[in-house]
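Dear colleague,

I am handing over the structure below, and I would be grateful if you could read it alongside the notes that come after it.

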Amino acid sequence: MERKAELKKDLSLLEITLVGIGNILGAGIYVLMGKAAGLAGNMVWASFLFAGLTAALSALSYMELSSMYPRAGAEYEFARRAFGERTGLFVGLLVIYYVAITASAVALGFGRYFSNIFGGGALIGAISLYIVLGFVMVYGIKESARLAILMTFIELSGLLIIIYVGIPYLGTVNYFEAPNLSGVFEASALIIFAFLGFEDIVRLSQETKDAEKTTPKALLIAIIFTVFLYICVAVASVSVLDFRVLGTSDIPLAEVAAVAFGEKAFVLLSWIALFSTTNTVLVVMLGGSRIVYGMADSGSLPKILARVHRKLKTPWTAIFGIACFSSLFVFLGDIATVANIANFMIFIVFFIVNISLIKLRYTDPERRRPFRIPVSIGRFPLFPALGALSAVFLFSQISKEVMLYGFFLAGISVLMVLLKTKKRVAEL
């Protein structure tokens, strides 16, 4: 019998951490900063803090679960172990939706930046990005990670520019001024999108050296670093420009930079945003292709999606599969609406991941846990419970329009799960 090709373990702690930071520091902060400031006013820093704490609580559950099950399926694998195949498949489908919708919106954003700089249609730029990144990802995980790391430093430079611009203005505004307190939490529900990406560190576990120890460390470093950086950017932005001006801007960080650098800032930030959107699409699709591979490898998706290139050791069919599926959504244009649809999916996923960890503390207590979340009452872990509650709270802040979209897609997922499991029962 011919031996099945395995994914290549090629990523170090530094590489996987920088890949995670690069994805978290994606297009969200460059686009959503203005809309968040419009909702939360000068207290937008508190919105970032609350969103960051919510992400961090769920990240703790990811850390323990990934140390228990360092597999490419990530959320699918966690939910399946805790609640069975149906719940695992449902969660996996939600993650695939989230990946596809997020990548398509950001790819279209890339197309618009590309069109502004080089000319041509935005749609052509978006589709071209999918094609180029598809071949990069198939060529090798290490090459993909190094490209992501390079772009991470570029997008990081843009955020550092904003912080630098804001230093002379610090203390010039009341940082507790907000239109209303509910707006602070509405902004948190929106900008959780800017923190998403840490979970892709987990999805690359099967290609990470000593994943049981490396993955939790990378998650912790990435979350702490980005929470601090985002708060600095938020404080700097509202110090330079009135939050009402930021709230009406489609290019908020470019306008902040323009205070110091004039019209050249628009060109500079456009180039940085071009790399930022490229990096987001690359790392989101890297993680998405791995969960598709993990689900196919477990039999929940067609086996053809679990094929690994024998020479390059990458899941090439899953990569092109997620790229083709994601490209269908490029016609969705409003990034705030799209971000909230993605958030709808991820809040459900975060809730299930947290309660999966709680359940496994009781049903699988003997399993080795290289990382274990501290602070428990008996076997009951407190931080995952807080993570589940915070996900429910932010879910309640989403608009009715977005909930309609979200429940429609979630309903399709439930139908697919029922059809899949019914087929399996019939085969038995």
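Predicted model: local features only at pLDDT ≥ 70, side-chain atom pairs only at ≥ 80, totals over all residues.

Residues are numbered from 1 along each chain as its sequence is written, and side-chain values use heavy atoms, with hydrogens and water left out.

The largest nonpolar core has 155 residues, a core being a set of buried Ala, Val, Leu, Ile, Met, Phe, Trp, Tyr and Cys residues joined through side-chain atoms within 4.5 Å, where buried means under 20% relative accessible area (1.4 Å probe, protein chains only). Helix α5 (residues 85-118) gives the most to this core, with 18 residues; helices here are DSSP runs of H or I, at least four residues, numbered from the N terminus. Among the residues with the most contacts inside the core is F48, which, leaving aside neighbours within four places in sequence, is in contact (heavy atoms within 4.5 Å) with I29, M33, I191, F195, Y230, I231 and A234.

The contact between α5 and helix α14 (residues 316-327) is made by I96, Y97, V99, A100, A103 and S104 of α5 together with I322, F325 and S326 of α14.

S104, which is found in α5, is buried, with a relative accessible area of 0%, and, not counting residues up to four places away in sequence, S104 touches Y130, S326, F329 and V330.

In helix α16 (residues 382-395), the buried residues include P384, G387 and F395.

With best wishes

Technical notes
Buried < 20%, exposed > 50% of the residue type's maximum accessible area, 1.4 Å probe, protein only. Helix = DSSP H or I, 4+ residues; strand = E, 2+ residues; numbered from the N terminus. Axes fitted to C-alpha atoms, helices over the stretch in contact; angles between N-to-C directions. Expected span 1.5 Å × (residues − 1).
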